[in-house]
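Here's a quick briefing for anyone opening this structure for the first time. Have a look at it, then read on for the charged pairs and the core.

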Amino acid sequence: MVCFCFLVDQTRQVRRSKPAAGICSRCGGGAHVADMKTATRFCLVPLYWKNWRAIICTFCGTILKSYR
């Protein structure tokens, strides 16, 4: 019998951000428009990248709205 175990992870990284009008609905903190990068790795080898834009809270880090 053979058993395979693979490690898959996904990381999100903020590449650029600038202030935006509005506040967070959860904590009341300020909002930023950010260019995000999501990277998916399989056994430590990067397989897939995706660049997208989101409005995030500066205090709690919640993604309030995403533009994919």
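D35 forms a salt bridge with R16, with the closest N and O atoms 3.1 Å apart; a salt bridge here means a side-chain nitrogen of Lys or Arg within 4 Å of a carboxyl oxygen of Asp or Glu. This is a predicted model, where local features need pLDDT of at least 70 and side-chain atom pairs count only at pLDDT 80 or more, while totals for chains, interfaces and linings use all residues. Residues are numbered from 1 along each chain as its sequence is written, and side-chain values use heavy atoms, leaving out hydrogens and water.

**Salt bridges**
- By this rule, the count is three salt bridges.
- D35 also meets R53 in a salt bridge (2.9 Å, N to O), so strands β2 and β3 are tied together by residues 18 apart in sequence (strands are DSSP runs of E, at least two residues, numbered from the N terminus).
- D35 is buried at 16% relative accessible area, R53 is partly exposed at 40% and R16 is exposed at 61% (buried is under 20%, exposed over 50%, partly exposed in between, with a 1.4 Å probe and protein chains only).
- D9 and R41 pair up as well, at 2.8 Å, N to O.

**Nonpolar core**
- The largest nonpolar core has five residues: A34, M36, W52, A54 and I56 (buried Ala, Val, Leu, Ile, Met, Phe, Trp, Tyr and Cys residues joined through side-chain atoms within 4.5 Å).
- β3 (45-57) gives the most to this core, with three residues.

Note on methods:
Helix = DSSP H or I, 4+ residues; strand = E, 2+ residues; numbered from the N terminus.
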